[in-house]
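Please read them with the structure open beside you.

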Amino acid sequence: MSNPITPSSAEPVVTAADPIPAPVNRIPTPAATPPDILRCAYMEIVVTDLAASRKFYVDVLDLVVTEEDETTVYLRSFEEFIHHNLVLRQGPVAAVAAFSYRVRSPEDLDRAVAFYTELGCRVERRSEGYVKGIGDSVRVEDPLGFPVEFFYDVEHVERLAWRYDLYTPGALVRLDHFNQVTPDVPRAVAYMEDLGFRVTEDIQDEAGTTYAAWMRRKPTVHDTAMTGGDGPRMHHVAFATHEKHNIIAICDKLGALRMSDVIERGPGRHGVSNAFYLYIRDPDGHRIEIYTQDYYTGDPDNPVVTWDVHDNQRRDWWGNAVVPSWYTDASLVLDLDGEPKPVVSRIDDSELEVTIGADGFSYTRKGDEAQGFKLGNTL
Ligand SMILES: [Fe+2]
């Protein structure tokens, strides 16, 4: 598929299928059937001060503690029925230990082993699981360098959806998605499509340079996004609220606690995904997104939306600027021995460099660049 962004294109451009250019250095497609992934299920992060992180995630963000011990806290959202959506583990280096997906059946773990073995990846399986609450599971270092887990067996816990006596104004109700930083987005997308993911939206320029892609298994905009940059790193993990006002309540609470400095970007409305958003940073700098009200994508012919990287409304529908740290900062990821993975630089153009203070070609109305900047924009 050729890139759909042209000088005259109305934007965003809608196409029937993935419009991302074929990668130059493609990861081979395994002959093995991929595991049937249901959804992003939890992230395991290493934190350097467990007490400080517990205070942030439990006392400030109101995530629910399922279980905890001296080194680890297992947290879930209000509507979750599996043991956890986030694991905080005390460790020496702030990093991500696992991006974990639930699969449809126990047999899908055999499929994951075969799929990644054929790719030449490091694959480890533990019948007793890697963390509490999770049974038989497979961990791999995927071809992009990320630590990925697959599991089916999991301990069920109470779904607190009806427990309005426990809800707070900013209640987080679901894990929504991961976001990963990787140098070569088309290469990452081709591999993820082999794994069964589909592209929902992407950002390109007229040359076909691809800056980011949003990919799904569950019928929402995404389970993970591939963001172009130095990687492998973790850009953020996102939790959903029911409504927009819940996100505003979180902002108000952070202000009341004199913690407004943890707000990195937002609140705002995304162009990509159409969701309402807020980005905050935890005590180690791990980025958390609070996200709500994206759209249904479950039909097989769900249209793909491609945004022009120079469209000032792509990342914020109201045209508010993206802060540079949002582009540059991300968390390290660990290999299966717990060692930080080396970071490889992106070679393709950087979205930060082509959109912030550099090019003078960003617009609100295409063809109307002289009038198109937002008042107060420093471009
Ligand atoms: Fe996100």
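1. Among contacts in the protein chain between residues at least 6 apart in sequence, 69% join residues at least 24 apart, a contact being two residues whose C-beta atoms, placed from the backbone, lie within 7 Å. This is a predicted model, in which local features need pLDDT of at least 70 and side-chain atom pairs count only at pLDDT 80 or more, while totals for chains, interfaces and linings use all residues. Residues are numbered from 1 along each chain as its sequence is written.

2. With 379 residues, a compact globule would have a radius of gyration near 21 Å, and the 20 Å of the protein chain agrees with this; the radius is taken over C-alpha atoms, and the globule rule is 2.2 Å times the number of residues to the power 0.38. Buried residues make up 45% of the 379 residues, where buried requires 20 or more other C-beta atoms, placed from the backbone, within 10 Å of the residue's own.

3. The protein chain is divided into domain 1 (37-162) and domain 2 (167-355), with bounds from an automatic or database domain assignment. The contact between them takes 38 residues from domain 1 and 39 residues from domain 2.

4. On the side of domain 1 that touches domain 2, β2 (37-47), α1 (50-60), β6 (95-103) and β8 (137-141) each give two or more residues, and β2 gives the most, with nine residues. Helices (H or I, at least four residues) and strands (E, at least two) are DSSP runs, numbered from the N terminus.

Technical notes:
A residue is buried if 20 or more other C-beta atoms lie within 10 Å of its own, exposed if 12 or fewer, and partly exposed in between; C-beta atoms are placed from the backbone.
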